[in-house]
Amino acid sequence: MNFSDVYEAVLKGYPDILTVDEMSKALGVSSKTGYQLLRENKVEHLKVGRAYRVPKAHLLSYLRLGMQTVANF
């Protein structure tokens, strides 16, 4: 599975900047886990006031890192 396949399968229907709930839904994890990914700086994000926003490009970078980690096993 290459990078464009991941984009088509996971993120195509989402806006360019995602909320934590949208990011969590795209990744198939709970909102609690989504916030944990942000707190641990595993996914780069922006903080706008009290809200977190995740540009799609940053989420793709996170997914790419995960794909590389899996490939190394």
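## A bridge across the chain

The side chains of Lys 56 and Asp 16 come together in a salt bridge, with 4.0 Å from N to O. Lys 56 belongs to helix α4, which covers residues 56–71, while Asp 16 sits in the loop between α1 (3–11) and β1 (17–18), so this pair ties together parts that are 40 residues apart in sequence. Keep in mind as you look around that this is a predicted model.

## The overall layout

Now for a step back to the whole chain. How many helices and strands does the chain have? There are four helices and three strands.

The chain has 73 residues, and 23% of them count as buried. Its accessible surface amounts to about 5100 Å², with 53% of that belonging to carbon and sulfur atoms. Looking at contacts in the chain with a separation of 6 or more, 50% are accounted for by residues 24 or more positions apart.

## The other salt bridges

Side chains of opposite charge can pair when their charged atoms come close. How many salt bridges does a search of the whole structure find? The search finds three, and the pair of Lys 56 and Asp 16 is one of them.

Another salt bridge joins Glu 8 to Lys 12, where the closest N and O atoms are 3.5 Å apart. Glu 8 is partly exposed, at 46% relative accessibility. Glu 40 and Lys 42 also form a salt bridge, and here the closest N and O atoms are 3.2 Å apart. In this pair, Glu 40 counts as partly exposed at 40% relative accessibility, and Lys 42 is partly exposed as well, with a relative accessible area of 47%.

## Where α2 meets α3

Two packed helices are described by the angle between their axes and the distance between the axes. For α2 and helix α3 (residues 31–39), the axes come within 8 Å and cross at roughly 105 degrees. That angle makes α2 roughly perpendicular to α3.

Which residues make the contact? From α2 come Val 20, Asp 21, Met 23, Ser 24 and Leu 27, and from α3 come Ser 31, Gly 34, Tyr 35, Leu 37 and Leu 38. Sorted by class, the contact of α2 with α3 holds six nonpolar residues, three polar ones and one charged one.

Is Ser 24 buried or exposed? With a relative accessible area of 2%, Ser 24 is buried. Setting aside neighbours within four places in sequence, Ser 24 is in contact with Val 29, Ser 30, Ser 31 and Gly 34.

At 22% relative accessibility, Leu 27 counts as partly exposed. Apart from its neighbours within four places in sequence, Leu 27 touches Leu 37, Leu 59, Tyr 62 and Leu 63. Leu 27 and Val 10 are 17 residues apart along the chain, and 7.6 Å separates their C-alpha atoms.

Most residues other than glycine have a negative phi. Asn 41 is not a glycine, yet its phi is positive, at about 55 degrees. Where does Asn 41 lie? Its place is in the loop between α3 and β2 (46–48). Asn 41 counts as exposed, at 59% relative accessibility.

A last stop is Ala 9, in helix α1. Ala 9 counts as exposed, with 60% relative accessibility. In sequence, Ala 9 and Ala 26 are 17 residues apart, and in space they are 9.5 Å apart from C-alpha to C-alpha.

Terms used:
Residues are numbered from 1 along each chain as its sequence is written. This is a predicted model: local features need pLDDT of at least 70, side-chain atom pairs count only at pLDDT 80 or more; totals for chains, interfaces and linings use all residues. Side-chain values use heavy atoms; hydrogens and water are left out. Helices (H or I, at least four residues) and strands (E, at least two) are DSSP runs, numbered from the N terminus. Buried means under 20% relative accessible area, exposed over 50%, partly exposed in between (1.4 Å probe, protein chains only). Contact means heavy atoms within 4.5 Å. Accessible areas come from the Shrake-Rupley method with a 1.4 Å probe; for residues, only the protein chains shown count as cover. Axes are lines fitted to C-alpha atoms, for helices over the stretch in contact, and angles run from 0 to 180 degrees between N-to-C directions. Angles under 35 degrees count as roughly parallel, over 145 as roughly antiparallel, 65 to 115 as roughly perpendicular and the rest as oblique. Ala, Val, Leu, Ile, Met, Phe, Trp, Tyr, Cys and Pro count as nonpolar, Asp, Glu, Lys and Arg as charged, and the others, Gly among them, as polar.
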